[in-house]
Amino acid sequence: FQSTKTNAQTTDENDLLVLDGEQEVSGFELGLNGAINDKWSLIANYSYTDTEITESGDPTEEGTDLFNIPEHSANLWSTYQLSQDWQVGGGLQYIGEYDNGTTTELDAVTLINAVASWQAADNLNLQLNVNNLTDEKYLLKPRGSRGVPGTGRSITLTASVEF
């Protein structure tokens, strides 16, 4: 993929925000989705992203990377059908290191997620999801000395009924 954003937000010579910049994003994505056998399935994805500020009202920004975008990211998800009624699964989500546009480079993080589901009746399914199983601490979209923390461990139980 390759994308160019014109009229990107930048600052002018008076340090005012204007829509006069240009940014480029290019890279590729690879994905694999399939069944290893009749009970075991796998989904894997990888993304490489290269970013650059190509025009800016601030000449020191030109040629630098866009912030908060990791160069590498990947996901791996697998499920296994234990029986007609039970399925389990799990996976990894990798967010590569990136910088926040100022002085901080954020470390890469790998999140572990899991699921178990039970087909309780013909029309009733119960599913338990645990995201960020190891309760990794990480930041999303940091700016200077502040940022939005990534979601900690979360547990969700869902009941779905078909009728």
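N68 lies in the loop between strands β3 and β4. Strands here are DSSP runs of E with at least two residues, numbered from the N terminus, while helices are runs of H or I with at least four. The model is predicted, so local features need pLDDT of at least 70 and side-chain atom pairs count only at pLDDT 80 or more, whereas totals for chains, interfaces and linings use all residues. Residues are numbered from 1 along each chain as its sequence is written, and side-chain values use heavy atoms, with hydrogens and water left out.

N68 has a phi near 65°, a positive value in a residue other than glycine. N68 counts as buried because its relative accessible area is 19%. Buried means under 20% relative accessible area, exposed means over 50%, and partly exposed lies in between (1.4 Å probe, protein chains only).

Strand β3 spans residues 40–55 and strand β4 spans residues 72–81; the two run antiparallel and are joined by nine bridges. Two strands pair if DSSP finds at least two bridges between them. N45 stands opposite N75 in β4. Strand β4 also runs antiparallel to β5 (residues 86–95), again with nine bridges. Here A74 stands opposite Y94 in β5. A hairpin of four residues joins β4 to β5.

A nonpolar surface patch is formed by I36, W40, Y80, L82, W86, V88 and W118. Together these residues have about 640 Å² of accessible area. Accessible areas come from the Shrake-Rupley method with a 1.4 Å probe, and for residues only the protein chains shown count as cover. Patch residues have over 30% relative accessible area and no salt bridge; nonpolar side chains (Val, Leu, Ile, Met, Phe, Trp, Tyr) are joined within 5 Å, like charges within 9 Å. A salt bridge is a side-chain nitrogen of Lys or Arg within 4 Å of a carboxyl oxygen of Asp or Glu. I36 sits in the loop between β2 (17–35) and β3. I36 counts as partly exposed because its relative accessibility is 46%.

The loop between β9 (124–131) and β10 (139–143) holds N132. N132 counts as buried because its relative accessibility is 2%. Leaving aside residues up to four places away in sequence, N132 touches L111, I112, N113, Y138, T151, G152 and R153. Contact means heavy atoms within 4.5 Å. D135 is also placed in the loop between β9 and β10. Its phi is positive, about 55°, although D135 is not a glycine. D135 counts as partly exposed because its relative accessibility is 23%.
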